[in-house]
Amino acid sequence: MMTKKTFYVTTPIFYPTAPPHLGTAYTTIAADVLSRWNKLLDNKVFFLTGTDEHGKKIAQAAEKMGKSPKEFVDLLIPEFKSAWEKLNVKYDRFIRTTDKDHEKVVQQILDATNKKGDIYLGSYEGLYCTGCEAYYTEKDAIDGCCPVHNKPLENIKEESYFFKLSKYQKPLLELYKKNPNFISPKHRAQEIINRVKEGLQDLSISRKTLKWGIPVPFDKSHCIYVWYDALLNYYSATQEKTKKKFWPADVHIIGKDIIWFHTVYWPAMLLSVGIEPPKKVFAHGWWTVNSEKMGKSAGNAINIDQLISFAGVDSARYFLLRSTPFGEDGDFSSKALIERHNNELGNKLGNLVSRVSTLASTMGLEKSKPLDSSSLVKRVTVHLDNLEFDKALNEIFAFVDLANLYIQQKKPWETKDKKVLYQLAGAIKDASILLSPFIPETSEKIAKVFNFEISLKALKKPLEIKPIAKAEILFKKIDEVKQEDSINNKSVITNNKNLKSDKLKTPQTLANKSDNNIQGVIKMDQIKYDDFAKLDLRVATIKKVEDIEGADKLYKLEIDTGKDTRTILAGIKQYYKKEELLDKQIIVIVNLEPRKMKGVESQGMLLAASNEDHSKVILIGPEKKIDSGSKVQ
Ligand code: MSP
């Protein structure tokens, strides 16, 4: 088994402009799994995460809120910390780029780079996207817009200090050659190498017009460019006395969108001052939600509470790492998550633990030769070294499958063979220890039942025999009760059969169902005030009513929302005649992600009240006429 002395893993530091979501959780859970795995192997581990707090993006967001940038970022830090706690992420340091020790190191490194002759004063003229905090060339822009944010790029012209990035073209190419895993996964490397081969432009690393940043140490009228500052967090966190041994980092986990910064700017910055570059930068793919791009503007970003509301923390962690190879893009749906929760975690692992613990609690165990898991451990080790989380989980579950087959063949409930039960309990021990980085809470529960500890020592050692109590159900089956929502024609998933019929369509139930485009909601009897506040409810006026071919419940409505004219579909045909609807004022959720039904895109959802059996449905609207677009609050 691999024995490393130290292991240093990082996540990107996140912009604290919005709370964490599925995408940021993905990176962070992956880093947590690697950290826990290495801790399990008894390596000395440093797991760093944090927030990227300087720059124009933050300054602008703060200004919008009428706060100072520091006041603004301070607001969101607790959200990040509590999100990671909820997801059972155990980092060793949460770094903020406003931390004094970080700021000091950034200035020291820039000073050293300057002394090396790699900094010069020039003038930057070009395009900039504040969303990315990145410079773009005309070639990168699409119709003058940022290719990521699709917003017009800003033209800037100002005095700036430059880093001689062009000088590092050759050293970078040598680094990629010498360390073929530096840019991982492999299929992402070639594009970077090709672009570097085309030549590198020097990098503007300071801004004179921006005040929210670390001052350039040799010219305080300039602020350091936010990416130069941010990338250095990985190094500055190791400059504490006890952390020095962790540099160079073993792996920086990042999303594929920020690979250029990490595999070109970052190693060049380090090479300039003679610091060894990190060993690996691994770029994971991006998640869509129900096949659509996830984002704040689309309103479908899955927040952490939602993520864990579907099937619990461990199932969410498992799903994210099991369903998609780490370097590839993935698609999230609550349905797929629940399926894996039920079928893999519940039916395979949960059932095995339940059957074996039930039998062992009455029959007891008798020592015998354990089922061999040593080759499994080797394969899992290799996969985790390569960040192949899905493959590691596949291997462990193949072992769980074998144990399930074994119990089926040996029928210990008939034979009363306590030796077979011992072998099965041992297999459960090994699988649970190997699974502990992924599903830590469940592994702990299993360890308590079968009396072992989650450790390398316990993995290598046969199970000690002690009395065993019947295990609680580990993964409660979640029913997917798909229902047709007669008003909005949407599927709802619930694990509470009593919730089967949508009673009164209050904003709360509507909020639950529509919230961020999740196909369904599981027992969310309560939502947070903030979640409700996300709904943009407006008065709209119905301008046109049409039938839709093949839909006997739906009308296609053209509505005036005050800002635009849009189409929504509503299942109210049996309750209203067309003429009753014309010019009627209704309440519409206008910031809902569009949804296609019967080939027509619905761009919102109206509110209505309905009695229990849906025999009566009444549209909700303002008591008196009011301007279209009026806010409902
Ligand atoms: N602050 C910079 C990183 C600096 S690191 C020195 C930044 N921050 S971010 O908050 O915008 O994004 C952080 C990470 O979230 C990126 O790695 C990005 O890929 C990831 N994701 C954002 N949306 C995502 C998905 N929909 N899916 C997967 N990851 C996503 O960039």
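Predicted model: local features only at pLDDT ≥ 70, side-chain atom pairs only at ≥ 80, totals over all residues.

Trainee: At what angle do H16 and H17 pack, and how far apart are their axes?

Mentor: The angle is about 150°, and the axes are 9 Å apart. Angles over 145 degrees count as roughly antiparallel, and H16 is therefore roughly antiparallel to H17. The crossing in which H16 passes H17 is left-handed.

Trainee: Which residues make the contact of H16 with H17?

Mentor: H16 contributes Ala-425, Ile-428, Ser-432 and Leu-435, while H17 contributes Ser-443, Ile-446 and Phe-450. By class, five of these residues are nonpolar and two are polar, with no charged residue.

Trainee: How should I read the packing of helix H6 and helix H9?

Mentor: Take the angle and the axis separation together. H6 (residues 189–197) and H9 (residues 259–272) pack at about 50°, with their axes 11 Å apart. The two helices are therefore oblique to each other. H6 passes H9 in a right-handed crossing. On the H6 side the contact is made by Ile-192, Arg-195 and Val-196, and on the H9 side by Ile-259, Trp-260, Thr-263 and Val-264. This contact of H6 with H9 comprises five nonpolar residues, one polar and one charged.

Trainee: May we turn to a single residue? Is Thr-49 buried or exposed?

Mentor: Burial is judged by relative accessible area, with under 20% counting as buried. Thr-49 has 1% relative accessibility and so counts as buried. Thr-49 is placed in strand S2 (residues 44–51).

Trainee: With which side chain does the side chain of Thr-49 make a polar contact?

Mentor: The partner is the side chain of Thr-11, at 2.7 Å. When neighbours within four places in sequence are left aside, the residues in contact with Thr-49 include Thr-11, Pro-12, Ile-13, Phe-14, Trp-84 and Tyr-91. Arg-93, Phe-94 and Ile-95 are also in contact with Thr-49.

Trainee: Next, the peptide bonds. Is the bond from Ser-184 to Pro-185 cis or trans?

Mentor: One reads this from omega. The bond from Ser-184 to Pro-185 is cis, with omega near -10°. Pro-185 is located in the loop between strand S7 (183–184) and H6. The peptide bond from Trp-247 to Pro-248 is also cis, with omega near 5°. Pro-248 lies in the loop between helix H8 (233–236) and strand S12 (251–255).

Trainee: Finally, what is the phi of Asp-143, and where does this residue lie?

Mentor: Asp-143 has a positive phi of about 50°, although it is not a glycine. Asp-143 sits in the loop between strand S5 (134–136) and strand S6 (154–163). Exposed means over 50% relative accessible area, so Asp-143, at 76% relative accessibility, counts as exposed.

Trainee: How does Ser-291 read in these terms?

Mentor: Ser-291 has a positive phi of about 70° and is not a glycine. The loop between strand S14 (287–289) and strand S15 (292–293) holds Ser-291. With a relative accessible area of 59%, Ser-291 is exposed.

Key. Residues numbered from 1 in each chain as written. Heavy atoms only, no water. Axes fitted to C-alpha atoms, helices over the stretch in contact; angles between N-to-C directions. Helix = DSSP H or I, 4+ residues; strand = E, 2+ residues; numbered from the N terminus. Parallel < 35°, antiparallel > 145°, perpendicular 65-115°, else oblique. Left-handed = near helix turned anticlockwise from the far one by under 90°. Contact = heavy atoms within 4.5 Å. Nonpolar A, V, L, I, M, F, W, Y, C, P; charged D, E, K, R; others polar. Buried < 20%, exposed > 50% of the residue type's maximum accessible area, 1.4 Å probe, protein only. Polar contact = N/O pair within 3.5 Å; in protein donor to acceptor, adjacent residues only side chain to side chain.
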